[in-house]
Amino acid sequence: MPIESNSADLCIRVRGLHMAFPVPRRGKESAQILHDIDLDILQGRLTAIVGPSGSGKSTLLFCAAGLEEPTGGTIEVLGVELGSLNTRQRATFRSEHIGFVFQDYNLVSSLSVEENIALPARLAGHKVPKKRIREAMERLGIEKLARRRPDRLSGGERQRVAIARVVANQPRIVFADEPTGALDLQSGHVVLDWLQALPAQGTTVVMVTHDPLAAARADQVVVMGSGHIHQVMAGGDSHAIADAILAAQAVADTAEVSA
Amino acid sequence: MIRLVMADVRHQAAMWLWTVLCAAVGAACSAGSVIAMFTALGAAQHAGDASMVTAAIALGGNIVFFTVLASVGVVASTVGLTLTSQRREHALWLVLGVPRRRVRSVLNIELTVLGLVAGVLALPLALLVAAVALVQWTNSGLDLHGASIAFQPWHLGAAVAAGVFPCFVGGWGAARRASKTPEMRAFRENADPSVRTGVGRSVLAFCLLAGVVGMWLPGLGLELSGGLEQRTAFAFAGNLFLVCLLLLMGPWVLTPLMTLWTAVVPAKDVAWRLAVHSCRTRAARSVTTVLPFALALSMVGLFMVIGNAMPGGTAGVGDVLVVLGWVFVVSWVGGLAVIALVGRERHRDSALLSVAGARPGVIARSTLYEGLIYAITAILFSLITLLIACWTIALGARVSPLNMLSGLPWLTLAGLAAMTLATPCAALLWPAIAASRTNVSNALRS
Ligand SMILES: Nc1ncnc2c1ncn2[C@@H]1O[C@H](COP(=O)(O)OP(=O)(O)OP(=O)(O)O)[C@@H](O)[C@H]1O
Ligand SMILES: [Mg+2]
């Protein structure tokens, strides 16, 4: 199923991934959210993950970032098997190599915009070049907001701060979970343009989205349905992507009816 | 609406439990010392012992004054913080279409119920407090003619009043604000809303200021017929008013103090920086946490100074404990309660830090450092008030302030400071461990 690739430029390699959550108040019973997922994500590409709500996209993203421990299977990121790292090592790994953009709540509420942007480097114990932070803020047009705290920003501004954080810290991989979900068209385009530009510097971007037009910008589109990978396709055609999502939804619905 | 309130209370059960605990302990200490005083007074009158009557009024009155003051201050600020930290939920009620007046009356009912529950819970504790107090007084040399505590109906009234009153003092402003803040602002603002002085606070502050001036003028400046002793007493009273005034204006005194000293300390460590920012951002929480410790410590300092100044005065730890013991109990429980009220935004921040790659140790340490910042702020505040007290009381008593300083029981004070340092840190140990283990995806989904 994965696109042809040699393992040299493989960034994320998922094999046999299972994820189950315990059902509250039901003792040992658990709900299977991800079923046996195999997925390869290439370095320096923009990959979009699409699919109906509740199909496990965010869960897959959290697992791939080492934020959630899968119940089965292996995940290799940049050649490192996440399961072999302890919590502390995973944290260090994130601070060195991984950046995040969520739909909302991206920023630490007690830190100013500037400090939020500098945070990952600080956590990794690097000296933060002031110039790089300033440049990133200028490029996203938020230099006037440097000293403000996140709760005094609009949703679009907050999202631009999250992007500036990625731009300034230059992580190897960026995970974005519905980064434009709460934005107007114009702000959404700004965010998407940046996410699309990052792979040119060698950054791998993995983006979960509900918007076929956004997904069409990706090099590779992973369509999920009820915990399975339904299809992996090339980007470009938003209609084809929309059709694939609907098909995945239909398969999920029939599976539910027959279950 | 009732269902909404019940769901809300259940959702925030831990928070309300801590608030009830704090209010109950405060009520128990206030009511208990009142009960002890009247019991001692009754026994003395019954025995026809006039000197005992004066002694009971003098000692009991002092204790009642300080204990009631401290518990009203501590409980009120804790209750205020509890309501303030729920302003998002209250804004949601408004959005759902509950009229503003209704929101306010619901909050007032919540406050009444909270106070009543605390008062009733406090009754047995208050009797215990009274019994302990009587034993203490006997041990410190008062002949109480075998007075003992037996339940009387008015004890319940005292306990309930001591429960309800501080809840209203603390919750009134917050309830009013909750029903007046524009919904969207309450929704958006994660940080504490900026405090305004308010009429009640302004009037009280003005009275206290008048008290400071009115006491210090004769105490430091005039020749009084009562001689040095009277001057010293005036100077002491002025200091008392000053401490109350400064703590009443906590947001404008404790916050700048905290900002100032944390700015002076070099901040290389990430965990330390995060803690400093967190304390500064959540200013209302910080003030409420520092207040009890600052109150207890500065009162003790004041007593040590006056004990040192009065010839044959009392400055032993035992004597201070008799007068200020309950202040300590209330303050420590209040401080711990506030620390235990961890807000939702804190969970989210911990989760985000973890996402950004903060090691569990960094998150845990930054939480612990917050306790350290609170404690050091309280200690600095009481050190400042101690120095002012030394200087003014030395002026009143016409002795050299330096002699006064060197005569203080520094070892005891250092011990108290160490205790103050240890308490918030110990209380934050569990939250720190919990924060470092935050389940990221859960925290970000909620
Ligand atoms: N901690 C948890 N405990 C139990 N079930 C969970 C937990 N987290 C997620 N789930 C369940 O896992 C399923 C997949 O969730 P996930 O958030 O990955 O979906 P998603 O594809 O991102 O959906 P959306 O597009 O709406 O964000 C959902 O049915 C959800 O209820
Ligand atoms: Mg999702």
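A few notes first. This is a predicted model, in which local features need pLDDT of at least 70, side-chain atom pairs count only at pLDDT 80 or more, and totals for chains, interfaces and linings use all residues. Residues are numbered from 1 along each chain as its sequence is written, chains are lettered from A and ligands numbered from 1 in the order in which they are written, and side-chain values use heavy atoms, with hydrogens and water left out.

**View 1. Positive phi at B:Arg398 and A:Asp36.** B:Arg398 isn't a glycine, yet its phi is positive, about 55°. With a relative accessible area of 47%, B:Arg398 is partly exposed (buried is under 20%, exposed over 50%, partly exposed in between, using a 1.4 Å probe and protein chains only). Over in chain A, A:Asp36 is another non-glycine residue with positive phi, near 45°. A:Asp36 is found in strand S2 (residues 30-42) of chain A; helices (H or I, at least four residues) and strands (E, at least two) are DSSP runs, numbered from the N terminus. A:Asp36 counts as partly exposed too, at 49% relative accessibility. For background, most residues other than glycine have a negative phi.

**View 2. Ligand 1, a site shared between chains A and B.** Residues from both chains surround ligand 1, so the site is a shared one. Of the 13 residues around ligand 1, A:Ser53, A:Lys57, A:Ser58, A:Thr59 and B:Arg445 come nearest (a residue is near a molecule or strand if one of its heavy atoms lies within 4 Å of it). Look for a polar side-chain atom of A:Thr59 at 2.6 Å from an oxygen atom of ligand 1. The side chain of A:His210 has an N or O atom 2.8 Å from a ligand 1 oxygen atom, and for the side chain of A:Glu178 that distance is 3.2 Å.

**View 3. Helix H1 of chain A, largely enclosed.** Eight of the eight residues of H1(A) are buried, so the rest of the structure largely encloses this helix. Among the buried residues are A:Lys57, A:Ser58 and A:Thr59, along with A:Leu60 and A:Phe62. After H1(A) comes A:Gly66, with a positive phi near 75°.

**View 4. The interface of chain A and chain B.** The two chains bury about 2700 Å² between them, 58% of it on carbon and sulfur atoms; buried area is the accessible area (1.4 Å probe) that two parts lose on being put together, summed over both. The rule finds five residue pairs in polar contact across this interface, both residues at pLDDT 80 or more. Here a polar contact is a pair of N or O atoms within 3.5 Å; within protein, one must be able to donate a hydrogen and the other to accept it, and residues adjacent in sequence count only if both atoms are side-chain atoms. Helix H1 (57-64), helix H2 (87-97) and helix H3 (113-124) of chain A each supply at least two residues of the side that touches chain B. H2(A) gives the most, with six residues.

**View 5. A:Thr209 in its loop.** A:Thr209 is found between strand S8 (204-208) and helix H7 (212-215) of chain A. At 4% relative accessibility, A:Thr209 counts as buried. Its side chain reaches the backbone nitrogen of A:Asp211 at 3.0 Å. Leaving aside neighbours within four places in sequence, A:Thr209 is in contact (heavy atoms within 4.5 Å) with A:Ile49, A:Val50, A:Ala214 and A:Ala215.

**View 6. Salt bridges within chains A and B.** The structure holds seven salt bridges over all chains (a side-chain nitrogen of Lys or Arg within 4 Å of a carboxyl oxygen of Asp or Glu). In one, the side chains of A:Asp40 and A:Arg15 meet at 3.2 Å, N to O. That pair links strand S2 with strand S1 (residues 10-22) of chain A, 25 residues apart. A:Asp40 counts as buried at 9% relative accessibility, whereas A:Arg15 is partly exposed at 26%. In chain B, the side chains of B:Arg282 and B:Asp349 meet at 3.0 Å, N to O, and both residues are buried.
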